[in-house]
Amino acid sequence: MKGLIFNVKRYSIHDGPGIRVTFFMKGCPLSCWWCHNPEGINPFPETVEKVEKLGNMKFRKSEEAGKYYSVSDILGILEKERIFISQSNGGVTFSGGEPMMQHEFLIEALKACKVNGYHTTVDTSGYSMPANFKAVIPLTDLFLFDLKHLDDAKHKEYTGVSNIEIIDNLKMILENMSFVMIRIPVVPGFNDDTDHLERIKVFVDTYKTDKLLAINLLPYHRIGSSKYKKFNLPYRMDGVQQPSSARMKELKEFFAETGIKVKTGG
Ligand code: SF4
């Protein structure tokens, strides 16, 4: 069995504890307006045209997005970084796209990583069948779980899918006493109004456990907007400003009232 991966990031420090290798798995059932990895949405390999400049000259060349990796390929990559990983108490992270979309491969990869002593993290939108999460929970040391909007209609409008399964899966993971960091993208005009932020705070406060390690506030940013044209996708966030650092500080203090550690940025 092989998994389709569009990027491998070594020495990653924002996708879980310590120094990690992050595998970005291709394919996502959501289509968030602000997604900064649009190359991760289509679940098939893609070839896109890339323009490179050298002085006044422009060169067109093709670029592959998505390559198949076996579990042994993954272990081979990790083995080369084992010293950095073990000295920093790091590990391996499966991100995306949505890693649960390739849950069969993900399960095999997580099993092999655990057998080989690596700390495992799954970075997920939460959108998958509960049975898939039940299989992944015992193999995952930490979930980075996105919470985008608590209103179903708004969630559907901006991500293309309902939040009902997502919220149920998050509750199930918290009830299973798995370690979790909740990641909230702060997207102006989508989820940053006072009423909604208050609802998220109450939700987190209601379902928190001592294994909910942190709330991670991720400010919307425009990095990745240039990729949309390349992948023939519409960019729907034109005119939306990134939240200021003063605003992020204010939100950090607001969520810290839950007693949970709050981090801002990736
Ligand atoms: S869930 Fe993540 S990868 Fe999928 S579309 Fe949304 S932001 Fe992009």
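## How exposure is counted

A residue is called buried if 20 or more other C-beta atoms lie within 10 Å of its own, exposed if 12 or fewer do, and partly exposed in between, with the C-beta atoms placed from the backbone. By this count Asn 89 is exposed, because 10 other C-beta atoms lie within 10 Å. The structure is a predicted model, in which local features need pLDDT of at least 70 and side-chain atom pairs count only at pLDDT 80 or more, while totals for chains, interfaces and linings use all residues. Residues are numbered from 1 along each chain as its sequence is written.

## The protein as a whole

The protein has nine helices and eleven strands, where helices (H or I, at least four residues) and strands (E, at least two) are DSSP runs numbered from the N terminus. Its radius of gyration is 19 Å, close to the 18 Å that the globule rule gives for 266 residues, so the protein is as compact as a globular protein of that length; the radius is taken over C-alpha atoms, and the rule is 2.2 Å times the number of residues to the power 0.38.

The C-alpha atoms fill a box of roughly 50 × 45 × 35 Å along the principal axes, and buried residues make up 36% of the 266 residues. Among contacts (C-beta atoms, placed from the backbone, within 7 Å) between residues at least 6 apart in sequence, 71% join residues at least 24 apart.

## The sheet and a helix on it

Nine strands form an open sheet of mixed pairing, in the order β5-β1-β2-β6-β7-β8-β9-β10-β11, and two strands count as paired if DSSP finds at least two bridges between them. At the edges are β5 (67-70) and β11 (262-264), each of which pairs on one side only. From one strand to the next the twist averages 30°, with axes being lines fitted to C-alpha atoms, for helices over the stretch in contact, and angles running from 0 to 180 degrees between N-to-C directions.

Helix α1 (residues 71-80) packs on this sheet and touches β1 (2-12), β2 (20-25), β5 and β6 (91-96), while its direction makes about 80° with that of β5. Elsewhere in the sheet, β7 (residues 119-124) and β8 (residues 142-146) run parallel and are joined by four bridges; the bridge partner of Thr 121 in β8 is Leu 142.

## Around the ligand

The residues around the ligand, including Cys 28, Cys 32, Cys 35, Gly 96, Gly 97 and Glu 98, are those whose C-beta atom, placed from the backbone, lies within 6 Å of it. By class, this shell has five nonpolar, six polar and one charged residues, with Ala, Val, Leu, Ile, Met, Phe, Trp, Tyr, Cys and Pro counted as nonpolar, Asp, Glu, Lys and Arg as charged, and the others, Gly among them, as polar.

A cis peptide bond, with omega about 15°, joins Gly 96 and Gly 97, and Gly 97 lies in the loop between β6 and α3 (103-115). Cys 32 and Glu 157 are 125 residues apart in sequence, yet 9.0 Å apart in space, C-alpha to C-alpha. Glu 157 belongs to helix α5 (residues 152-159) and is exposed, with 12 other C-beta atoms within 10 Å.

## Two positive phi angles

Asn 89, in the loop between α2 (82-87) and β6, has a positive phi of about 55° although it is not a glycine. Tyr 11, also not a glycine, has a positive phi of about 60°, but its place is in strand β1. Tyr 11 counts as partly exposed, because it has 13 C-beta neighbours inside 10 Å.

Definitions and conventions. Two residues are in contact if their C-beta atoms, placed from the backbone, lie within 7 Å.
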